[in-house]
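Colleague: Could you walk me through how to read a model like this one? I would like to start with the whole chain and then go down to single residues.

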Amino acid sequence: HLSVPLNLGDDPFIASTCIPRPDASTKASDYPRRGSTLVTIGWGSSRFDSDPMSRTLQQVTVYAIDNNH
């Protein structure tokens, strides 16, 4: 749980990631379930103060958080 709301527009180093749409039997507000393992890929820095950006495509595993609160 985050102590303050996350505003993606305030930080150029944080971005949302695309996920597949849920099937018709799943409520969109319940997808993906909190704690689900997600994988995202992209080019970027592996540390906050790293420069320059990586030239190698990177992959990271993250966990879904509940955005309904």
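Modeller: Happy to; we will go from the overall fold to one loop. Keep in mind that this is a predicted model.

Colleague: Which residues make the nonpolar surface patch?

Modeller: V39, I41, W43 and L57 make a patch of about 460 Å².

Colleague: Let me take W43 from that group. Where is W43 found, and is W43 buried or exposed?

Modeller: W43 sits in the loop between β1 (37–42) and β2 (58–63). Exposed means over 50% relative accessible area; W43 has 59%, so it is exposed.

Colleague: What does S54 touch, leaving aside residues up to four places away in sequence?

Modeller: S54 touches W43 and G44. S54 also lies in the loop between β1 and β2. Its relative accessibility is 25%, so S54 counts as partly exposed.

Colleague: What separates the C-alpha atoms of S54 and G44?

Modeller: They are 5.3 Å from each other, although the two residues are 10 residues apart along the chain.

Colleague: And for the whole chain, what share of contacts joins residues at least 24 apart?

Modeller: Among contacts between residues at least 6 apart in sequence, that share is 33%.

Key: Residues numbered from 1 in each chain as written. Predicted model: local features only at pLDDT ≥ 70, side-chain atom pairs only at ≥ 80, totals over all residues. Heavy atoms only, no water. Contact = heavy atoms within 4.5 Å. Patch = residues over 30% accessible without salt bridge, like charges linked within 9 Å, V, L, I, M, F, W, Y side chains within 5 Å. Areas by Shrake-Rupley, 256 points an atom, 1.4 Å probe, with all protein chains shown as cover. Salt bridge = Lys/Arg side-chain N within 4 Å of Asp/Glu carboxyl O. Helix = DSSP H or I, 4+ residues; strand = E, 2+ residues; numbered from the N terminus. Buried < 20%, exposed > 50% of the residue type's maximum accessible area, 1.4 Å probe, protein only.
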